[in-house]
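This note is for a colleague opening the structure for the first time. Please keep the sequence and the model side by side while reading.

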Amino acid sequence: MCGIAGIFHCGTPKPVDPARVTKMCDAIAHRGPDGAGVWSAPGVALGHRRLSIIDLAGSPQPMASPDRRAMLVFNGEIYNFRELRRELEGLGARFDTHGDSEVILAAWQQWGPRCLDKLHGMFAFAIYDTERRELFLARDRLGVKPLFTAMLSDGSLAFASELKGLLAHPLLRRSVDPLAVEDYLTWGYVPDHRSILAGVEKLPAGHYRLLKHDAPPAGPVRWWDVSFADRRKDKAADLEAELLFHLREAVSSRMVADVPLGAFLSGGVDSSSVVALMAEVSSAPVRTCSIGFDEASLDETAYARQIAERFATDHRERIVSADEFGEIDRLAAMFDEPFADASALPTLRVCELARETVTVALSGDGADEAFAGYRRHRFHAAEERARAVLPQSVRSSVFGALGRAWPKADWAPRAFRAKSTFQSLAASGEDGYARGLSVTALELRNQLYSDAFRRGLAGYQAERPFVDLMRNAPARSGLDRAQYADLKFWLPGDVLTKTDRTSMAVSLEAREPLLDHRLIEFAAALPENLRIRRGQGKWLLKHTMERYLPREVLYRPKQGFVTPIAQWLRGPLASEARAIARGASLARTGWFDSARISTLAEAHISGRSDHSRLLWQLLMLDRSLSRLGVV
């Protein structure tokens, strides 16, 4: 795992000062503390920070091909590099190292952009081909590894693994994109189709860019997508056997490392499945670690301990408490863009705990998106059945009226909190799912914004790109469309961003076996009743893992990696909640109605409403704006 950065002139190949790329790499030194290097030629410079995982001494970067015609900087891991190396050797390629970086170079020289189809792994890389005078930028299928780009005033394109790498370039403009603020308030993160800074872009997952010196900068080209349009017709037992094969292959391929390796263990289905399969092939005890909470209702360490005992792992755990709130400035620095998923804090802590003994850790990310494991998937599937029976006109009039009249009772038992369900049923499936997934509803956002900021949005609503993604999905059902949007929008924007930044902040490589693209493609073709059955999401996965895991782990209610931020903001952190409206950076923007924010904070502290996610969003936005120096 590493950090990369570079500068490329799309027009005249002007000289590039290597010192600028060095500064860009220094800004992301945490991603690669084991080595650094910069290479330059007319019109281009590539930089690299290395975290040594495979071929510790033999694969320094930037790396040149044996014929010196191509130069690579690479962030990630290619899990099938040994098989691919043998194939390339059969085609005449020769290798001087034993790692995966040189295999990427040989694959590029053999197949050009089509080499991406051959690579199984997580990656973001840049290859400069001196013969073709082209820069090739590529990102992995699911977006595990990030890549930021920006066109600068001197006609060059700069790229880096994190926004802070671009911020180190003196020509980068620091102007906030107001549409990104609307996106952030809606989702709790800035999705991949936008950046908090105007002019900065993220290369989308499963895309590449091929840039030439003598041509205008070419846009992203999609090289991979997942389709939910087909259905497997095999017997359930055969699909179960195939799933187990994919799971074993995904886990074992990610256990290749020349450094200590372990796993995150939350005690849920996904991480427990990964640990079980690791223990199956490991001759030594698997090293596992868990984070718990000082709120008993949210703590899962007892389940993690049960799995650790079952598979005789070398297990360590740590408890997170309210005093961890002091890390908010560190989180803001880590993410650069505002990021309000409060589980980033315990994720950081579990990464720190893992890094004390290992350099690589396997996680359980991805199974919920692929196998329909979220509660919202079950609700959406049920709502889609209702939509199929009731015409839109009936739903709009009946459920629309109920949605408007029903009180928003966050304090009440779940059975009496039907307002959001009525609002969802009144809308189309796509609009209803987007509303359910959003952190801050459109009505509340409009109350929060100042008149001037609302006018500046010119009618833009952050839900629209998400709804369009669902409507255009290669899918057959509403559940398909929801899962497709989760994989393409939510997963790279929230889940994988969180894991990448928190793990890289402590120089830990996190690997996601349940995001193996062959496993994702397999899951997308499963019949719906093998994804959701009898109220259980991830049904086939759970049924398959019954041979490994106890039923009380497999079939207990899903908790998720939840931080007790609502309780904290009503208790020891209530003063922080009251101070949000007076946040210096937020106040200077003029974007929000500070009186309305104060009212919401008091309602939350009193227990009348739960506005914890919104208050956390605003707090993180204030800290991020301050660090970016944009207001």
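The points below go through the cores, some helices and a few backbone details.

1. Basis. This is a predicted model, in which local features need pLDDT of at least 70 and side-chain atom pairs count only at pLDDT 80 or more, while totals for chains, interfaces and linings use all residues. Residues are numbered from 1 along each chain as its sequence is written, and side-chain values use heavy atoms, with hydrogens and water left out.

2. Cores. A nonpolar core here is a set of buried Ala, Val, Leu, Ile, Met, Phe, Trp, Tyr and Cys residues joined through side-chain atoms within 4.5 Å. Buried means under 20% relative accessible area, exposed means over 50%, and partly exposed lies in between (1.4 Å probe, protein chains only). The largest nonpolar core has 180 residues, and Leu116, Phe125, Leu166, Leu185 and Phe592 touch the most other members. Helix α19 gives this core its largest share, 10 residues. Another core, of 19 residues, lies apart from it and includes Ala64, Met71, Val73 and Leu147.

3. Helix α5. Helices (H or I, at least four residues) and strands (E, at least two) are DSSP runs, numbered from the N terminus. Is α5 mostly covered or mostly uncovered? Eight of the 10 residues of α5 are buried, among them Glu182, Asp183 and Trp187. The cover over the buried residues of α5 includes α15 (429-437), α16 (442-448), α17 (451-456), α18, α19 and α28 (612-628).

4. Contact means heavy atoms within 4.5 Å. Leaving aside neighbours within four places in sequence, the contacts of Leu185 include Val439, Tyr449, Phe592 and Leu621. Ala180, in helix α5, counts as buried because its relative accessibility is 0%. With neighbours within four places again left aside, Ala180 is in contact with Val190, Arg194, Ser195 and Ile196. Arg194 sits in the loop between α5 (178-187) and β10 (200-202). Arg194 has 15% relative accessibility and therefore counts as buried; beyond four places in sequence, its contacts include Asp177, Asp183, Glu337 and Tyr460.

5. Helices α18 and α19. The axes of α18 (residues 463-471) and α19 (residues 478-505) come within 8 Å and cross at roughly 125 degrees. That makes α18 oblique to α19. Angles under 35 degrees count as roughly parallel, over 145 as roughly antiparallel, 65 to 115 as roughly perpendicular and the rest as oblique. The contact involves Phe466, Leu469, Met470 and Arg471 of α18, and residues of α19 including Arg481, Tyr484 and Phe489.

6. Ala308. This residue is in helix α8 (residues 301-310) and is buried, with a relative accessible area of 5%. Not counting residues up to four places away in sequence, Ala308 touches Leu265, Thr288, Thr313 and His315. Ala308 and Cys289 are 19 residues apart in sequence, and their C-alpha atoms are 9.1 Å apart.

7. Backbone details to check. A cis peptide bond, with omega about 0 degrees, joins Gln61 and Pro62; Pro62 is in the loop between β3 (44-50) and β4 (63-64). Arg68 is not a glycine, yet has a positive phi of about 65 degrees. Arg68 lies in the loop between β4 and β5 (70-78) and is exposed, at 59% relative accessible area. Arg133 also has a positive phi, near 55 degrees. Its place is the loop between β6 (121-129) and β7 (134-139), and Arg133 counts as partly exposed at 36% relative accessibility.

Technical notes. Axes fitted to C-alpha atoms, helices over the stretch in contact; angles between N-to-C directions.
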